[in-house]
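Please look through the sequence and the model below before reading on.

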Amino acid sequence: MSRKKTPKSKAGSAPATSALPAANGPRPVRPGKARPGPEAPPNGPPQPGRSSIGGGDFYDVAFKVMLVGDSGVGKTCLLVRFKDGAFLAGTFISTVGIDFRNKVVDVDGMKVKLQIWDTAGQERFRSVTHAYYRDAHALLLLYDVTNKASFDSIQAWLTEIQEHAQDDVVLMLLGNKVDSAQERAVKREDAEKLAKDYGLPFMETSAKTGLNVDLAFTAIAKELKQRHTKAPGEPRFQLHDYVKREGRGASCCRP
Ligand SMILES: Nc1nc2c(ncn2[C@@H]2O[C@H](COP(=O)(O)OP(=O)(O)OP(=O)(O)O)[C@@H](O)[C@H]2O)c(=O)[nH]1
Ligand SMILES: [Mg+2]
């Protein structure tokens, strides 16, 4: 099967329904189901000799990742940091509805395209975002370490995820804005306990400094790719262990 090419896309506002197929395990897009538009990513085994003619990003398999969490926790900034390596300082522009960005990451020689959906945290958009859960292969659930209320909302988000997402969705808890040590309102240990209680991999991140941002997305890509391609008998990728081992503390990366 040939390697596919991602259209050069900017962030795009999404239609009311996703172009990706329904989720059921890691459900990469299948060749016959691709459609034109922002998302037409048939999957296939890795192919050597990738061409870059046309300047686009080629990929072997595509997955859909959603960012969820209260308004202002830093979902858009996290995505921009991952996609563009930049930080959106200054005025907070709250996301309206839902946007997406694509990024192709290399996982053990395979090009994994992540189509990342950035949802609006505001309550009034909740019904819009509900429609997208069922197609998500992975969810990054964010709170803001400087905002206790956003942490207290995590249980409600988990209930929402349980109601709307697929049972086997890959889920990770992220405590963002860990660069703001002075304003910390949520202890790391409290989040670790919550994550343990719910069996979630957990990391603290900073969209501002970039701390653990690439790692969060790469870990998700590794997990999804492995679920998709794992040969019988091959040891499973251990997402929890990977995140624990590779995650860095806030003190390491002050700007
Ligand atoms: N210090 C610090 N500020 C951050 C960080 N991430 C985001 N911010 C700031 O937090 C505010 C909200 O960030 P957004 O990314 O727009 O928040 P959001 O979760 O997308 O919010 P909604 O779109 O309303 O759901 C902005 O003013 C950002 O500059 C971070 O890691 N550190
Ligand atoms: Mg946003």
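With a relative accessibility of 12%, Thr 95 is buried; the word buried means under 20% relative accessible area, exposed means over 50%, and partly exposed lies in between, with a 1.4 Å probe and protein chains only. This is a predicted model, in which local features need pLDDT of at least 70 and side-chain atom pairs count only at pLDDT 80 or more, while totals for chains, interfaces and linings use all residues. Residues are numbered from 1 along each chain as its sequence is written, chains are lettered from A and ligands numbered from 1 in the order in which they are written, and side-chain values use heavy atoms, with hydrogens and water left out.

Which protein atoms are donors of the magnesium ion (ligand 2)? They are OG1 of Thr 76 and OG1 of Thr 95, lying 2.0 Å from the ion. Thr 76 belongs to helix α1 (residues 75-84) and Thr 95 to the loop between α1 and β5 (98-107), so the two together tie parts that are 19 residues apart in sequence. A donor here is an N, O or S atom within 2.8 Å of the metal (3.2 Å for Na, K and Ca); water is not among the atoms, so sites may look incomplete. Helices (H or I, at least four residues) and strands (E, at least two) are DSSP runs, numbered from the N terminus. Thr 76, at 24% relative accessibility, is partly exposed, whereas Thr 95 is buried.

Ligand 1 comes next. Around ligand 1 there are 24 residues, of which Ser 71, Lys 75, Ser 94, Gly 121 and Asp 179 come nearest; a residue is near a molecule or strand if one of its heavy atoms lies within 4 Å of it. Helix α1 gives the most to this shell, with 3 residues. A polar backbone atom of Gly 121 is 2.6 Å from an oxygen atom of ligand 1. For Lys 208 the corresponding distance from a polar backbone atom to an oxygen atom of ligand 1 is 3.2 Å, and for Val 73 it is 3.3 Å. On its own, ligand 1 has 650 Å² of accessible area, and the protein covers 91% of this. Such areas come from the Shrake-Rupley method with a 1.4 Å probe; for residues, only the protein chains shown count as cover.

Two residues stand out by their backbone angles. Most residues other than glycine have a negative phi. Asp 108 is not a glycine, yet has a positive phi of about 50°. Asp 108 lies in the loop between β5 and β6 (110-119). Asn 212, also a residue other than glycine, has a positive phi near 60°, and lies in the loop between β9 (202-204) and α6. Is each of them buried or exposed? Asp 108 is exposed, at 60% relative accessibility, while Asn 212 is buried, at 7%.

The loop between β9 and α6 also holds Ala 207, which is buried at 3% relative accessibility. Ala 207 and Asp 57 are 150 residues apart along the chain, and their C-alpha atoms are separated by 24 Å. Helix α6 (residues 213-229) contains Leu 224, a buried residue with a relative accessible area of 0%.

Methods. A polar contact is a pair of N or O atoms within 3.5 Å; within protein, one must be able to donate a hydrogen and the other to accept it, and residues adjacent in sequence count only if both atoms are side-chain atoms.
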